[in-house]
Amino acid sequence: MNKLLYGVAYYDEYMPTDRLAEDIQMMQDAGINVVRIAESTWSTHEPQNGIFDFSSVDRVLDAMHEAGIHVIVGTPTYAIPTWMVKEHPDVLAVTKDGAGRYGARQIMDITHPVYLFYAERIIRKLMSRVSRHPAVIGYQTDNETKHYGTAGPNVQLKFVKYMREKYESIDHLNAELGLDYWSNRINSWEDFPAVVGTINGSLGAEFDRFQRQLVNEFLAWQVSIVNEYKTEHQFVTQNFDFDWRGYSYGVQSSVDHYAAAEPFDIVGVDIYHPSQDELTGIEISFGGDMARSLKQKNYYVIETQAQAFSHWTPYPGQLRLQAYSHLASGAEMVAYWHWHSIHNSFETYWKGLLSHDFLPNPVYNEAKTIGADFARLSDQLMGLSKQNKIAILVSNEALSAMEWFKLPDGRNYNDIVRWLYDECYRLNMECDFIFPTTSNIEQYKLIIVPALYAAPDELLHRLNQFVEQGGHIVYSFKSGFANDQVKVRTTVQPAIIEQACGVNYNIFVSPNKVGLRGTINSESGSVESWMELLTPTTAEVLAYYDHPQWGEYAAITRNQYGNGEATYIGCMAPGEVVHHVLRAALERAELYGANQQLPPEVTVKTSLDSDGKEVRFYLNYSAALVQYSYTYTSGKELISGITIESNSLQKLEPWGVHIVQAQ
């Protein structure tokens with residue numbers, strides 16, 4: 001597409017009355033130029049086995065085309081119809097909690113041959129119906145796809161085959177996974193037990209990896225079918241989601257997004273977040289940075305909130321701020337779930353852009369201003385790119401391992417990722433995400449590594465080499481501890497990276513009233529959750545533990561290694577300490593600048609337009625008027641059209657946005 005997309009999910013099938021023409025008129029008034037349809041309504045399109053009815057799809061496609069609104073068609077495979085379960089009850093996923101029951105969505109076994117037969121049939125029937133329709137610009141395969149915990153007999157059989165190919169011999173398998181423990185040793189492939197009851201973290205994490213691979217295979221299979229029908233100018237995407245804690249929170253545990261994204265033309269995501277007084281922009285930024293990094297190009301926000309919950313209904317100005325925040329991270333589409341608030345069933349009170357009365361409301365009226373601006377500014381804001389010099393390394397393998405071995409207070413991998421990411425955000429440290437198999441890490445000057453608990457030797461050696469050749473790394477605790485089979489290394493910890501970090505330990509404890517002292521200290525809180533008692537070999541100590549028994553041990557260190565530096569944070573320190581550590585790393589990597597000196601309420605995101613000009617988004621995440629110094633070359637503020645002079649003091653309205661394009 002050559003323009004910004006502003007859209008909604010639209011379900012004509014859910015409407016209590018026929019109001020398609022009225023909805024389209026209201027969409028046009030709001031600048032809506034794309035809708036997503038069909039991904040949730042298999043039972044409408046195939047009411048009985050082999051009986052198809054796409055009349056609701058045809059009706060919407062024809063009406064949208066006449067109105068000049070584009071359509072993304074979803075394959076309706078994530079919510080199965082009743083007749084399938086009646087005829088084939090075993091298509092429901094068997095999980096560690098037992099056999100599945102019909103009712104919710106995403107309850108099927110995505111490997112079951114009967115489910116796959118029917119899924120392929122509905123995809124092909126739908127694609128053959130819509131692929132040549134002029135309204136259709138692309139397709140979404142399935143929706144928020146995961147493995148849904150599927151672990152029934154057919155999945156267990158596939159897992160045994162996977163393990164035989166990977167480990168080749170029973171002796172190798174037992175040795176690598178430590179299965180002699182508690183007589184868990186497997187002495188023949190035929191005796192391989194179901195994994196759902198295992199107490200072995202290595203075996204359990206391997207099954208987690210296998211389940212994620214099932215998702216990759218399922219999505220690639222769907223893409224291959226859709227690709228048979230799509231035209232040259234149509235795309236295929238997927239609506240990836242994130243770890244959920246009542247909102248989008250962190251790395252998705254059930255999907256390896258980096259691998260799963262490979263067959264898609266463009267990455268799509270949904271991003272939901274706290275609002276009102278809790279709106280910070282962090283979740284928008286996290287989801288955007290992740291989506292952009294999966295294919296190192298811009299992405300679509302397939303779903304985000306309009307009103308949603310009553311405690312998320314945005315304050316005046318927040319819907320605009322959120323929309324521009326997505327663009328600032330690299331989105332080229334912002335779409336709401338959903339257009340109208342439905343009147344029945346599970347999501348009755350997950351409100352759309354329109355309330356249950358279908359009348360204009362303050363949120364809809366604000367959306368009208370966004371749609372108008374997107375249309376007006378599309379040429380300037382399409383095709384923006386980033387050249388970040390900071391990256392955060394995340395790993396599904398480390399995440400799985402730490403699900404088996406959480407911190408003593410129950411915190412897990414994503415808690416540590418967000419502990420570091422959030423402080424990067426507050427420092428206006430724009431970053432990409434990288435992954436264990438990312439090859440081009442040398443393009444970055446600073447890499448932040450949260451809790452790389454399980455990792456192959458090769459990756460740790462690559463990170464050492466990155467430092468040696470002039471890079472900077474900030475590690476958190478629990479890095480380098482185990483290999484990729486979650487077997488704890490027998491060498492001094494942190495294993496292998498001890499060489500670059502210049503520090504080691506062999507004792508760790510749960511903190512109790514422990515502070516920090518040294519060049520970095522904390523006056524507002526204590527160490528939480530975890531602490532490693534570090535002994536420096538060549539490293540400089542930035543902070544010791546402030547404790548009568550543990551005070552001789554280092555808590556945070558920094559080491560010169562080759563031409564670069566490695567900082568090691570051996571404990572879950574208060575946020576202000578992490579802030580200080582990251583700021584120091586920025587300065588030493590020569591990345592500290594004007595963006596780090598902005599008021600704390602102001603977030604700035606920088607991109608390059610197609611002519612190589614810098615475009616900066618200044619975002620005020622507060623209910624107060626704030627002032628900031630614009631220190632770059634003079635530019636044009638795109639929303640207002642006003643010239644912004646270099647070294648001028650600018651006022652940013654509550655929940656306000658400035659977009660400055662350098663001249």
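This is a predicted model: local features need pLDDT of at least 70, side-chain atom pairs count only at pLDDT 80 or more; totals for chains, interfaces and linings use all residues.
Leaving aside its neighbours within four places in sequence, which residues is arginine 212 in contact with?

View 1. Arginine 212 has its place in helix H8, which covers residues 201-227, and is buried, with a relative accessible area of 2%. Once the neighbours within four places in sequence are set aside, the contacts of arginine 212 are His147, the run of Ser253, Ser254, Val255 and Asp256, and then Asn396, Glu397 and Ser400.

**View 2. Cysteine 431 and the closest cysteine sulfur, that of cysteine 424.** The two sulfur atoms, in cysteine 431 and cysteine 424, are 5.4 Å apart, which is too far for a bond, given that a disulfide requires sulfur atoms within 2.5 Å. Cysteine 431 is itself buried, with a relative accessible area of 1%.

**View 3. Cysteine 571 and the closest cysteine sulfur, that of cysteine 501.** Here the separation between the sulfur atoms is 14 Å, again too far for a bond, and cysteine 571 counts as buried at 0% relative accessibility. The structure as a whole holds 0 disulfides.

**View 4. Helix H11, residues 318-329.** At 1.5 Å a residue, the 12 residues of H11 should span 16 Å, and the end C-alpha atoms, which are 17 Å apart, agree with that expectation. Because 12 of its 12 residues are buried, H11 is largely enclosed by the rest of the structure; among these buried residues are Arg320, Tyr324 and His326, together with Leu319, Leu321 and Leu327. Just after H11 comes glycine 330, which takes a positive phi of about 120°.

Technical notes:
Residues are numbered from 1 along each chain as its sequence is written. Side-chain values use heavy atoms; hydrogens and water are left out. Helices (H or I, at least four residues) and strands (E, at least two) are DSSP runs, numbered from the N terminus. Buried means under 20% relative accessible area, exposed over 50%, partly exposed in between (1.4 Å probe, protein chains only). Contact means heavy atoms within 4.5 Å. The expected span of a helix is 1.5 Å times one less than its number of residues.
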